[in-house]
Amino acid sequence: MLMEVYYEHYYENCNDRCWEMEEKSVPYMVLFPSVDEMHSFINELRQDGFRCVSANHSYRALLVNLELKRCGVIRRACKHSCVGDRNYTPEEFIEEVYIPWKNRNST
């Protein structure tokens, strides 16, 4: 479920709403030109240990949470909170965020 991109323990506690007491972890928003490119990137994330918690073939917007190592495709066109309220292109995200993150976490 998409809320797992924001809350570490949402899945385990979704019924009793204990997750609401957790601090929200804000993901990045990446807008892809095509669904195929988005799925290719999701596969790359999976190879790096990420879990895809929500999928949708109608939208090309992916939330990526580096802290929780989760990603999820949005379900409808609405405002989702994301780092800096910024929508990244895949190239911007990979160059400015993902590669530096991978380099910092490779040791």
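**Entry 1: a charge and a ring**

I take a charge to sit over a ring if NZ of Lys or CZ of Arg is within 6 Å of the ring centre and within 35 degrees of the ring normal. With that rule I looked up Tyr6, and I find the charged end of Lys24 over its ring, 4.8 Å from the centre.

**Entry 2: ground rules**

I note that this is a predicted model, in which local features need pLDDT of at least 70 and side-chain atom pairs count only at pLDDT 80 or more, while totals for chains, interfaces and linings use all residues. Residues are numbered from 1 along each chain as its sequence is written, and side-chain values use heavy atoms, with hydrogens and water left out.

**Entry 3: the chain as a whole**

I count helices (H or I, at least four residues) and strands (E, at least two) as DSSP runs numbered from the N terminus; on that basis the protein chain has 3 helices and 5 strands, and from the N terminus on the elements run α-β-α-β-β-β-β-α. Of the 107 residues in the protein chain, 40% are buried. The accessible surface (Shrake-Rupley method, 1.4 Å probe; for residues, only the protein chains shown count as cover) comes to about 6500 Å², and 47% of that belongs to carbon and sulfur atoms. Taking a contact as heavy atoms within 4.5 Å, I find that 55% of the contacts between residues at least 6 apart in sequence join residues at least 24 apart.

**Entry 4: the sheet**

In which order do the strands of the open sheet lie? I read the order 2-4-3-1-5 for its 5 strands, with mixed pairing, where two strands pair if DSSP finds at least two bridges between them. The edge strands are strand 2 (51-54) and strand 5, each of which pairs on one side only.

I then followed the individual pairings. Strand 1 (residues 28-31) pairs with strand 5 in the parallel sense over 2 bridges, and Val30 has Tyr88 of strand 5 as its bridge partner. Strand 1 also pairs with strand 3, here in the antiparallel sense and over 4 bridges, with Tyr28 standing opposite Val64 of strand 3. Strand 3 and strand 4 run antiparallel and are joined by 4 bridges, and the bridge partner of Leu62 in strand 4 is Val73.

Is strand 3 enclosed or open to the outside? I find that 5 of its 5 residues are buried, so strand 3 is largely enclosed by the rest of the structure. Both faces are covered, with Ala61, Leu63 and Asn65 buried on one side and Leu62 and Val64 buried on the other.

**Entry 5: two positive phi angles**

Lys69 is not a glycine, yet I find a positive phi of about 55° there. Lys69 lies in the loop between strand 3 (61-65) and strand 4 (70-73), in a hairpin that has 4 residues between the strands, and its relative accessible area of 32% makes Lys69 partly exposed.

Asp85, again not a glycine, has a positive phi of about 55°. Asp85 belongs to the loop between strand 4 and strand 5 (87-88) and is exposed, at 52% relative accessible area. I also noted that its C-alpha atom is separated by 9.9 Å from that of Val26, 59 residues apart along the chain.

**Entry 6: aromatic rings**

I pair rings of Phe, Tyr and Trp (its six-membered ring) if their centres lie within 6.5 Å, and I call planes under 30 degrees apart stacked, over 60 edge-to-face and the rest tilted. The structure holds 10 aromatic pairs. In one of them the rings of Phe32 and Phe41 have centres 5.8 Å apart and planes at 40°, so this pair is tilted; Phe32 and Phe41 are both buried. Both also belong to an aromatic cluster with Tyr28, Phe50, Tyr88, Phe93, Tyr98 and Trp101.

**Entry 7: cysteines and helix 3**

With a disulfide taken as a pair of cysteine sulfur atoms within 2.5 Å, I find 0 disulfides in the structure. For Cys52, which is in none, the nearest cysteine sulfur is that of Cys71, 4.1 Å away. Cys52 counts as buried at 18% relative accessibility, and Cys82 is buried with a relative accessible area of 7%.

Last, I looked up Glu91 in helix 3 (residues 90-104); Glu91 is exposed, with a relative accessible area of 51%. The C-alpha atoms of Glu91 and Val30, which are 61 residues apart along the chain, are separated by 9.3 Å.

Conventions. Buried means under 20% relative accessible area, exposed over 50%, partly exposed in between (1.4 Å probe, protein chains only).
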